[in-house]
Amino acid sequence: MKSYDIVIIGGGPAGLAAAVSAKENGIDSILILERDKELGGILNQCIHNGFGLHTFKEELTGPEYAQRFIDQAEKLGIEYKLNTMVMDISPQKTVTAMNRQEGMFEIQAKAVILAMGCRERSRGALNIPGYRPAGIYSAGTAQRLVNMEGLMPGREVVILGSGDIGLIMARRMTFEGAKVKVVAELMPYSGGLKRNIVQCLDDYGIPLKLSHTVVDIKGRKRLEGVTLAEVDSNGKPIPGTEEFYSCDTLLLSVGLIPENEISNGMGVQMNPVTSGPEVNESLETNIEGVFACGNVLHVHDLVDFVSEEAATAGKNAAAYVKGIRQAGGGRDVRLNPVDGVRYTVPMMVNTARMDENLTIRFRVGGVYKNCYVSTYFDDERVIHRKRQIVAPGEMEEIRLTKEQLLKYPDLETITVKIEEA
Amino acid sequence: MEIRKLTCISCPMGCPLTVEMEGDEIISVTGNTCKRGDVYARKEVTDPTRIVTSTVKVIGGKADMVSVKTREDVPKGKVFDCVKALKGVEIKAPVHIGDIIVPDAAGTGIDIVATKNVEEV
Amino acid sequence: MYDVIIVGGGVSGAASARELSRYKVSVCVLEKEEDVCCGTSKANSAIVHAGYDAATGSLMAKLNVRGNAMMEQLSRDLDFPFKRIGSLVVCLSEEDMPGLQALYDRGVANGVKDLQILNREEVLAMEPNIVDNVYAALYAPTAGIVCPFNLNIALAENACENGVDFKFDTEVQNIRKTDSGWALDTNQGTYETKYVVNAAGVYSDKLHNMVSEKKIHITPRRGDYCLLDKNAGNHVSKTIFALPTKYGKGVLVSPTIHGNLLIGPTAIDIEDKEGTNTTREGLEQVIGKAGQNVKNLPMRQVITSFAGLRAHEGGHEFLIGELDDAEGFIDCAGIESPGLTSCPAIGEMVANILKEKMGLEEKDNFIATRKGVLDPDTLSREEREELIRKEPAYGNIICRCEMITEGEIIDAIRRPLGARSLDGVKRRTRAGMGRCQSGFCSPRTMEILAREWGVSMSDITKAGGDSKLVVGTNKDTI
């Protein structure tokens, strides 16, 4: 059996950044396993611009952003296998994978970085009634068809869900000659970035109907139309508000789910809110030496933050392999997301292991205007930051320092919450 | 006097902006809750620009399509003309990031360039 | 001119074709869809019933018990998945016990083996996720679960191997009596035959009524279902039925043969024979009733919902036999539940009717077995590696949820009556049937279909006919 210091599952933005960082932190024996035919992951089909403002201080398209990291990985001589599917990983970090050339094979890793990304929620998960004809696609599948294969899934389009991929696809389909009739969003607010609503919908006069959903799908072979209805505050359709839209295509942009089947299989503990692993300050899971980053950990809206997070995972995995990671000592401080804060990544901080600076990322459960993002060290409020608005569609962060934490030698819980002004 | 309604994209707040204009002259910007809204509104009503991204077909490459973009912002009114300039365009592999696919797209003076590497088969 | 034309490529038609293919007789199956298993046979509970439901002495009861007994050997001969997992009919109160006892008595009278009435403790020991207020249950160890697609496909493939013709996209529009038998006018021209077997599912009344004065009426009885992720597949280990009570009929909760959890069906009588759309009311009923007998159902794990139509005839009995007023026209109508269970016995019965009428002789070269699409998961590690060395396509995962390889998809396409559409591949291999519901693999499967059939991507359909998946190329209309 071959062995590597670090095996990275997934060669998308998270896997690439983790690999580069692990290498820069002194690990030479690194292997990336990628199931697709090229590195770069989903960025390869995200041909729109808007990537990299934080990382490279310029606005890149998805493939360009990916190429920057691919070039770095190539330059650093990082090994990777393409068209290779990881079948499972044992808790002892034996990775079983498969491809055409090598068949099924096993690789022993000292550390594993989970970077498998996420998948799209399907129609089934929403229980949308109606027929099941051709012409219903998740936005990402349509994005692949249009951007990678040059194929048009349809001519007249309704989009359910105002996630960013759906918004981006509204503009893409318009450019390629389709008529996008409407975007319906179940929630009273959009799940996408404001910038995308303006530049992908408003620019082209595509209406966004908030608090609306699809209540019927018509067409036995190919989609013929969908019925939208307004929903009440519980998300239930309001009778009498139904409106039929003829269309041959329904795109679904209704959420992303971290793809953790492999993690589950190896016994990684999950956070039910994020559907991703529970990790500590090192982005390490409950299994020692198994790290997670990117959308497999929690769904991000900006790839720049994926890269940043993945670099942290890569660095910590390197430290783990080199045995220079503080194992003992320090306090384990639990994070406690409450009052509008749905989760935090990480969920636990060890005061000895943590770096000088630590970024805690989180999402809120609703739209809050003129509020405060507050952080309590046990009962003492240590951060109280005024915000004009926080919304579920945009990931939030707070930054803590080691120095700050060490001032509280008895600290047990860090509570993060939204406080109304 | 002309009234233009915009949504600010400077932050998730998405302030509804109202711009009063007299010909090309901006009389007032209202609805914004911070200075960024004012800056955004003035640019958007006088000189709105966008990057255009799309794809073109590749012949003899490891992929069927290559993604492209206008190298810089083009006037918003020229967006569809830039897209149309790509209709029927086919490019032989290899293609590399930055290669010019369509020079001076739709008379904007801006080139459309490849945003992905596609090697020969 | 065929000896026998079977109208309908569902389980009844395919089983009849397969049984007839034992004999020296020319047989053709006409199917209006692009594949077999496109109607009632593809959307049902996938249960092999023990046989205590149908009225004692009915044909339904007889064929159910016989079909159940035949299924195991058939599954080995034709290599489709079948498991005898047993079923429980849950009784929630003492006052409903007479109903449960009646089921037991009927089952015994019908010849169902090993039935037992279990008390609360026994039920909970067997199925810990049954609701706490369970009173008793009827345990039928002979009940099972089957892959309805592969049962149907296996029967058809084996029939095809044994010389039966299959004509797809061929819809019978009219039937005329001729001097030598029957002429069937279809959208693809006229087919002549000596005998007709009417296995047209929800359309069997239409065909019957074309030739007979004794009219029948088939009511499409819609059943809505929810299918849950494999994470929930071991929530129960047996098929859990509700005992019908004065409050109505419940829904069943069952593991599927591939490890998902299935909940349903509703029973909503409609008139539209193509009305396979789920409705909000239907799905709400399923979700509402799901918890009546099974607790802690993880309904957030639903990955898809669907509806199927049972071919319900007013008398609730299988109508199998030659018509009095239409010689040479054999009905195989009213095949609703337990039709899937009964299909091996239905095929046998139809073949016997024709054998007697026509004096058929057995072939000496009948091929009794068939190999299904090879599932690499069933191989040892060494065998699997050897397979990939010989056929590298088995090393290439296409459907990542169900871990289906390119090799399996190619097999599904190249075999007799091979898959032509995305759904055809899905029914044969499960590619696209998993938790992402084909979001990831559909473009890849489309590519393989296009390559294998030598057509373009824009010719590939979801399920034949007008169900094209892509409509053109970028910018072709601007």
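Glu406(C) lies in helix α10 of chain C, which covers residues 406-414. The model is a predicted one. Glu406(C) has 22 C-beta neighbours inside 10 Å, and it therefore counts as buried. The cut-off for a buried residue is 20 or more. Beyond the neighbours within four places in sequence, Glu406(C) is in contact with Ala393(C), Asn396(C), Ile398(C) and Ile448(C). Ala431(C) is 25 residues from Glu406(C) in sequence. In space, the two C-alpha atoms are 9.7 Å apart.

Chain A touches chain B. Here 22 residues of chain A are in contact with 22 residues of chain B. On the chain A side, two or more residues each come from α2 (62-75), α4 (139-149), α6 (194-201) and β28 (380-390). The most come from α6(A), which gives four residues. By class, this side of chain A holds seven nonpolar, nine polar and six charged residues.

Chain A also touches chain C. In this case, 41 residues of chain A are in contact with 47 residues of chain C. The elements of chain A that give two or more residues are β7 (94-99), β8 (103-114), β9 (118-120), α3 (123-126), α4 and β11 (151-152). Of these, α4(A) gives the most, with six residues. The side of chain A that touches chain C divides into 14 nonpolar, 13 polar and 14 charged residues.

Strand pairing also links chains A and C. Two bridges join β11(A) to strand β23 of chain C, residues 472-473. The two strands run antiparallel. Leu151(A) has Thr473(C) as its bridge partner in β23(C).

Conventions. Residues numbered from 1 in each chain as written. Chains lettered and ligands numbered in written order. Predicted model: local features only at pLDDT ≥ 70, side-chain atom pairs only at ≥ 80, totals over all residues. Buried ≥ 20, exposed ≤ 12 C-beta atoms within 10 Å, placed from the backbone. Contact = placed C-beta atoms within 7 Å. Nonpolar A, V, L, I, M, F, W, Y, C, P; charged D, E, K, R; others polar. Pairing = 2+ DSSP bridges.
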